Amino acid sequence: MFDVVVIGGGPVGENAAARAARGGLSVALVEHERYGGECSYWACMPSKALLRPGNALAAARRVPGVPVGDRLEPGPIFKTRDSVAANWDDGGQEQWVRDTGMTPVRGFAKITGEREVTVGDRVLKAEHAVVVCSGSVPRTPDLPGLADARPWTSREATSAGAVPGRLAVLGGGVVGVEMAQAWARLGSRVELIIRGERPLPGFAGFAGDAVADGLRADGVTIHQRTEARSVSRSDGEVHVELADGRLVTADELLVATGRRPATGDLGLDTIGLTPGGPLEVDDSGLVKAVPGGWLYAAGDVTGRAPLTHQGKYAGRVVGDVIAARAAGTDVPERPWTRFAATADHHAVPQVVFTDPEVASVGLTGAREPAHREVEIDLAVAGSTLHADGYRGRVRIVVDTERDVLVGATFVGQDVAEMVHAATIAIVGEVPLARLWHAVPVFPSMNEVWLRLLEAYGL
């Protein structure tokens, strides 16, 4: 018997479990693969290890007088990537689970009843709560021949130890564009296949256009307004037939067409829920559709904000809520407390680590009559010094009735570190008249904040 059973030992599950344990509860953390999860071994960390060298080389080339080489050396990059991914060994992460006072349990978890999780032949009972943090899995399109073509998913794209001569990428979302650029800079001839006019359809249009320009500058061929009709593999080559009749031939095919909640094999039908879909939760992480107030969920599995940092945030909320309720402490049902994942609705930051980078938080454009967009070039003294011929653009979205920021998008080299200021302004609902007194350092790229406020009319 445990107080809490957490299903999924990735970053989200680790945070939920650790917060519950910090609250004095006994916790079992169940993981069927590797503690540390997708982000540590096949996503956020190794992908950025592959991207960073190419970004650094491109940045150095934009500063006159800096001696740089002509190309990247894949060997050392792969070695660093492997180290960042702990050589796919989760021994250190499992030891952290033990050191934190939790009990690691290896194996596939199934919910087999109220407050009951079965792992192999072991039945785990939860006194207070079961928390599902099982994440997401790749969404694979139904294409003739795809399975037999043995395509890459994001896992193969971030862990491959050799550079394919030719790489086809299906999908223009974050994974698609990041991996297209990473492998192009490592030496692959990359062809990107997208349905729309531009990649990154969920972002502001100028962001997708800028990333497309960056990809083309690295030699990536972009097939726009089309999709794959069929896939085949023969004689070591992958052949992708497009809807417009064109044929793309490559050595490897990366399918990056999105992800779905990993709920298909959790046994949700035993508690009256439909397997395969997201677990809908309230802001405390409680799955309201299950009576008794014992089932919680956080992270990608909820479908709310499928980003690692946002999942970790929700995991911390869930762990604190469970510990408080177990102790008989009142948990207020109001926003902006440590018992509510309120930011999911207002201020979800995200960075696409391409070159140029895209950093966004909140709304990407006006959605209501009271919203006003202000958009300017990121052209200040700091950007001039940062890179020769620096190109960037910024858009903010303002709620004119309250005179507060509700969205911001930054596009340009090294803008990732700029988005947190916008996140703070949105979460804190800082009036623009007060934000004007947050004086940006000169000469830094943050001086763009002054230009934005001036363009707004302050």
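Select Val175. Setting aside neighbours within four places in sequence, Val175 is in contact (heavy atoms within 4.5 Å) with Ser154 and Ala256. This is a predicted model, where local features need pLDDT of at least 70, side-chain atom pairs count only at pLDDT 80 or more, and totals for chains, interfaces and linings use all residues. Residues are numbered from 1 along each chain as its sequence is written, and side-chain values use heavy atoms, without hydrogens and water.

Stay on Val175. It sits in helix H7. Helices are DSSP runs (H or I, at least four residues), numbered from the N terminus. Val175 is partly exposed, with 36% relative accessibility. Buried means under 20% relative accessible area, exposed over 50%, and partly exposed in between (1.4 Å probe, protein chains only).

Next, select Val174. Helix H7, residues 174-186, includes Val174. Val174 is partly exposed too, at 22%. Beyond its neighbours within four places in sequence, Val174 touches Leu200, Phe203, Gln350 and Val352.

Now widen the selection. An unreviewed UniProt entry lists a "binding site" of Gly171, Gly172, Gly173, Val174, Val175, Gly176, Val177, Glu178 and Gly258. They span 88 residues in sequence, but no two of their C-alpha atoms are more than 13.5 Å apart, so they gather at one spot. UniProt positions follow the numbering used here, feature names are shortened, and annotations may be inferred rather than shown by experiment.

Last stop: select Val68. Look for it in the loop between helix H3 (44-61) and helix H4 (74-84). Val68 is partly exposed, at 35% relative accessible area.

Note on methods:
Helix = DSSP H or I, 4+ residues; strand = E, 2+ residues; numbered from the N terminus.
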